[in-house]
Amino acid sequence: MKFSKLALALAGSALLSACATIVTGTTQIIKVDSNPQGAKIFTAEKITEHGKTVYANRSEAGVTPGSVAIPRKDGAVLLEKEGYEPTEVPLKRGMSGWVWGDIVLLSLLSTSIDTSTGAAKEYDPREYLVEMKTISK
């Protein structure tokens, strides 16, 4: 009887492993607007190499105002408009509530998966308004 309960508990834990990765995924949609509007939106992966920020896998994602899907792990959103300085949207990330499912299940594997995929984090707020600065001559 004890063996069947243990087997059931292990199977349930395996099915629920990586709660955040399964439920929320590894990307998140956020809304981006700018003043002035009409800036090109680029998404990228933000990497620090030798103390310097590098943007990898950069791709155009639309024009402000707009919604974009960005990776939860090290995601970055950049805005560009002629006559204005290129601007990085100051994204803020916090812990996803789904990580508590991992913690409650005491699953180190689940927590590790969610952390490595970035699903353990979420962007909050989900809407950003960025003031762009004109290029000084």
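The model is predicted, with local features requiring pLDDT of at least 70 and side-chain atom pairs counted only at pLDDT 80 or more, while totals for chains, interfaces and linings use all residues. Residues are numbered from 1 along each chain as its sequence is written, and side-chain values use heavy atoms, with hydrogens and water left out.

View A. Strands are DSSP runs (E, at least two residues) numbered from the N terminus, and two of them pair if DSSP finds at least two bridges between them.

**View B. Strand 1 beside strand 9.** Strand 1 (residues 27-35) pairs with strand 9 in the parallel sense over five bridges. Lys31 has Glu127 of strand 9 as its bridge partner.

**View C. Strand 2 and its two antiparallel partners.** Strand 2 (residues 40-49) is joined to strand 3 (residues 52-63) by nine bridges, and to strand 5 (residues 75-80) by six bridges. Phe42 stands opposite Glu60 in strand 3 and opposite Leu78 in strand 5. Strands 2 and 3 form a hairpin with two residues between them. In the turn, His50 has a positive phi of about 55°, and Glu49 has Lys52 of strand 3 as its bridge partner.

**View D. The ring of Phe42.** Arg58 lies over the face of Phe42, at 4.0 Å from the ring centre; the criterion is NZ of Lys or CZ of Arg within 6 Å of the ring centre and within 35 degrees of the ring normal.

**View E. The largest nonpolar core.** This core has 13 residues, of which Ile30, Val32, Val68, Val77, Leu79 and Val89 touch the most other members. Strand 1, strand 4, strand 5 and strand 9 each give two or more residues to this core. A nonpolar core is a set of buried Ala, Val, Leu, Ile, Met, Phe, Trp, Tyr and Cys residues joined through side-chain atoms within 4.5 Å, where buried means under 20% relative accessible area (1.4 Å probe, protein chains only). Not counting residues up to four places away in sequence, Val32 touches Ile41, Thr64, Pro65, Gly66, Val68, Val77, Leu79, Val89 and Tyr128, contact being heavy atoms within 4.5 Å.

Key: Helices (H or I, at least four residues) and strands (E, at least two) are DSSP runs, numbered from the N terminus. Buried means under 20% relative accessible area, exposed over 50%, partly exposed in between (1.4 Å probe, protein chains only).
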